[in-house]
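This report describes one protein model together with its ligand. Please look at the sequence and the structure before reading on.

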Amino acid sequence: MLEKKYPKVIVDLTKLRHNIDEIVGRCMEQGIEVAGVVKGFNGISETLELYEESRCTAIASSRLEHLEEAKRQGLASPLMAIRIPMLSEVADLVRIADMSLNSEVTVIDAINEECLRTDKRHGIVLMADLGDLREGFYNKDDLIQAALHTEALDHVDLLGIGTNLGCYGSINATPDKMEELAALAEAVETALGRELAIVSGGGTTSFPLVYQGTMPKKINHLRIGEGIANGKDLQDLWNIPMPFLYTDIFKLQAEIVEIKDKPSYPVGEIFVDCFGGCGHYVDRGIRKRGILAVGKVDFSLDSQLTPLSEGVEVLGSSSDHLIVDLEDSKETFHVGDVMEFELRYSTMVFLTSSPYVKVEIR
Ligand SMILES: *Cc1c(COP(=O)(O)O)cnc(C)c1O
């Protein structure tokens with residue numbers, strides 16, 4: 001066994017608890033339940049209990065592995081699978097999760113069969129595609145037909161409908177889109193002759209409507225991951241300041257393995273880099289540079305790492321090396337020193353999933 005110390009992701013549970021409270025509290029004030037989505041940090045097992053103890057009404061993930069760990073821990077929270085299920089995982093789905101998002105009648109039928117076979121029940125939320133063009137019924141009549149079909153099955157419970165925005169098609173969750181979902185929920189309710197328990201308006205990108213007080217009353221459920229665990233997208237990309245959120249719950253620590261003064265512009269004939277691309281290089285003369293022992297294999301996108309040392313700049317990376325400019329930093333760095341970085345969603349996902357990166361819980 002290696003006595004690995006770095007690279008390391010540090011997780012601050014106190015700050016995570018704080019963010020869960022802040023987001024869920026604001027939703028609850030408006031009658032909106034929150035499923036806490038844990039896929040963005042690989043469902044780190046030590047975090048699950050926090051979600052269980054919080055006012056989240058479910059623990060949610062796209063990966064059954066994360067939900068299985070919650071089940072293994074004996075947590076009482078309902079478990080929600082939020083990637084529409086593979087037919088091949090229906091047995092695991094029914095064994096592990098209490099409910100799932102769905103968009104295929106074939107799969108819902110298979111879930112019903114599995115529930116019959118294993119004497120269980122499973123909740124179904126039908127997804128409507130409102131233009132983001134990922135999962136869900138695009139045709140609203142098809143969704144209503146699927147709702148009637150599901151309602152007639154004996155071993156599953158139709159809990160409601162939901163949608164997802166801002167994932168593939170970059171479509172904004174506007175009050176109009178939410179009204180569209182609300183109207184569809186009412187059409188389903190009319191067809192069924194009863195009310196739906198869940199009208200799920202999306203993920204983090206729908207939270208601004210809650211915050212700004214423009215969420216239609218009919219929407220009573222959100223599934224929130226990034227907005228709790230990372231808290232950066234809405235502030236940086238949507239320009240909505242949320243000073244009540246921590247943005248440094250997850251931090252990367254990596255160790256410096258080289259510090260040298262080198263030219264800033266590559267020397268020789270510029271061709272392709274190790275990923276078949278070509279970097280963008282600016283000649284700034286000879287500068288102090290550092291190399292950290294962590295790479296694209298661990299974090300994927302170096303542009304999504306923010307150095308916490310002032311004056312340090314990320315220059316680029318290869319599979320296993322991260323190159324930084326140290327010239328303008330007032331700190332003196334040495335080989336063996338550890339540098340810290342704040343993460344964004346993509347680096348949080350990759351780093352917490354990399355087998356090469358330690359996770360330290362604080
Ligand atoms: C990932 C995901 C979420 C959570 O998204 P965040 O942006 O992290 O809040 C919600 N719903 C579905 C279907 C998802 O796949």
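This is a predicted model: local features need pLDDT of at least 70, side-chain atom pairs count only at pLDDT 80 or more; totals for chains, interfaces and linings use all residues.

Residues are numbered from 1 along each chain as its sequence is written, and side-chain values use heavy atoms, with hydrogens and water left out.

**The ligand and its surroundings**

The table lists polar contacts, that is, pairs of N or O atoms within 3.5 Å.

| Residue | Atom of the residue | Atom of the ligand | Distance |
|---|---|---|---|
| Lysine 39 | polar side-chain atom | oxygen | 2.7 Å |
| Glutamate 226 | backbone N or O atom | oxygen | 2.8 Å |

On its own the ligand has 390 Å² of accessible area, and the protein covers 90% of this; such areas come from the Shrake-Rupley method with a 1.4 Å probe. Around the ligand there are 13 residues, of which Lys39, Thr204, Arg223, Gly225 and Glu226 come nearest; a residue counts as near if one of its heavy atoms lies within 4 Å. By class, this shell holds four nonpolar, four polar and five charged residues. Here Asp, Glu, Lys and Arg count as charged, Ala, Val, Leu, Ile, Met, Phe, Trp, Tyr, Cys and Pro as nonpolar, and the others, Gly among them, as polar.

**The protein as a whole**

The protein contains 12 helices and 16 strands, which are DSSP runs (helices H or I, at least four residues; strands E, at least two) numbered from the N terminus. Its radius of gyration is 23 Å, close to the 21 Å that the globule rule gives for 362 residues, so the protein is as compact as a globular protein of that length. This radius is taken over C-alpha atoms, and the rule is 2.2 Å times the number of residues to the power 0.38.

**Two backbone details**

Most residues other than glycine have a negative phi, and most peptide bonds are trans. Asparagine 42, in the loop between β2 (33–37) and α2 (45–53), has a positive phi of about 60 degrees. Tyrosine 6 and proline 7 are joined by a cis peptide bond, with omega about -5 degrees.

Conventions: A polar contact is a pair of N or O atoms within 3.5 Å; within protein, one must be able to donate a hydrogen and the other to accept it, and residues adjacent in sequence count only if both atoms are side-chain atoms.
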